[in-house]
Amino acid sequence: MAVGVTSAAGEGEGFHAPTLQGEFFPGAFLFEGTPFEFNRIMLVRVVATLLIVTVFWLAARRARLVPGRFQGAIEMALDFVRVNIAEEVLGKESGRRATALLTVIFFGVFAMNITGVIPLLNIAGSSVIGVPLVFAVIAYVGFIVAGVRSQGAGGFLKSSLFPPGVPKFLYVILTPIEFLSTFILRPITLTIRLLANMLVGHLLLVLCFGATHFLFFEAAGGLKILGSVTLAAGFAFTIFEIFIAALQAFIFTLLTAVYIQLSEEAH
């Protein structure tokens, strides 16, 4: 598999390490200089969105009472989110209400993550902050709406900011901490966790395959044999990146379910 090495194996002699600017901020190829600039990463996001929509459209369009292999695989994936995340964390009733939201988050995040190892795309749509931030905002709105629906606006704020059983004078210290933790840090940590994992994963792949290109085609003498090592490392990291793509989708969705559960129940 060839990973994009625009920065890793650059022009001229010598090895060129990947850079954040070169990898994650490519130049626009449509509408440059306008608010609608369209670059390679935006194209990857559009492709990922179309792919996931097409997969589920095909599964729903050809749905049968006795599912075939394709429909069965999709139903197993949907049941994984419903049973192992939504119902496991929230219970049957609340889990049923949250299943649609959690399903969109899980498969949306996974689709944006997995593009990092798909040939010709070769970069995760979630490796630039826009997509992680959008999903974090969706999760943020989701748990606030769930809390307000369950406890009412006043009850939700009181439960979140003024935990019962605490001496009142401690609220001067505790309430700002609870506000920061619940309403500020949750979306920030969701965003940074996903962004950092996908960014680092892409840099590792570019570094390995870029070094392989340099060692095989530009290095002299016995150094060429090291290309086999970096090539093997590149394939190993590719397998690992597939695992990370699924794991980060699971963690993001699981944390969203936990936040919904916390917002629905008083301390």
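**Figure 1. Overall fold of the predicted model.** Along the sequence the chain runs α-α-α-α-α-α, giving six helices and zero strands; helices (H or I, at least four residues) and strands (E, at least two) are DSSP runs, numbered from the N terminus. This is a predicted model, in which local features need pLDDT of at least 70 and side-chain atom pairs count only at pLDDT 80 or more, while totals for chains, interfaces and linings use all residues. Residues are numbered from 1 along each chain as its sequence is written, and side-chain values use heavy atoms, with hydrogens and water left out. The C-alpha atoms fill a box of roughly 75 × 55 × 40 Å along the principal axes. Of the 267 residues, 39% count as buried (under 20% relative accessible area, with a 1.4 Å probe and protein chains only).

Figure 2. Helix α5 covers residues 171-217, 47 residues in total. From first C-alpha to last it reaches 65 Å, close to the 69 Å expected at 1.5 Å a residue (1.5 Å times one less than the number of residues). A kink of about 50 degrees lies at L185, shortly before the proline P187; the bend is the angle between axes fitted to the seven residues ending at a residue and the seven starting there.

**Figure 3. Surroundings of H202.** H202 is in helix α5. Its relative accessibility is 3%, so H202 counts as buried. A polar atom of the H202 side chain lies 3.3 Å from the backbone oxygen of N122.

**Figure 4. The largest pocket.** The largest pocket has a volume of about 200 Å³. On a 1 Å grid over the protein atoms alone, a pocket is an open set of points with protein on both sides within 12 Å along at least five of seven lines, and lining residues have an atom within 4 Å of a point. The lining has 13 residues, with L51, I52, V55, F110 and A111 nearest the centre. Helices α2 (40-61) and α3 (69-114) each supply at least two lining residues, and the largest share, six residues, comes from α3. By class, the lining of this pocket has twelve nonpolar residues, one polar and no charged.

**Figure 5. The largest cavity.** The structure holds one cavity of 30 Å³ or more, a cavity being a set of grid points where a 1.4 Å probe fits but cannot get out. The volume of the largest cavity is about 30 Å³. Its lining consists of L190, R193, L194, Q248, I251 and F252. The elements giving two or more residues to this lining are α5 and α6 (226-264). Four of the lining residues are nonpolar, one is polar and one is charged.

How values were computed: Grid points are joined across faces, edges and corners, and a volume is the space filled by probe spheres set on the points. Ala, Val, Leu, Ile, Met, Phe, Trp, Tyr, Cys and Pro count as nonpolar, Asp, Glu, Lys and Arg as charged, and the others, Gly among them, as polar. Buried means under 20% relative accessible area, exposed over 50%, partly exposed in between (1.4 Å probe, protein chains only). A polar contact is a pair of N or O atoms within 3.5 Å; within protein, one must be able to donate a hydrogen and the other to accept it, and residues adjacent in sequence count only if both atoms are side-chain atoms.
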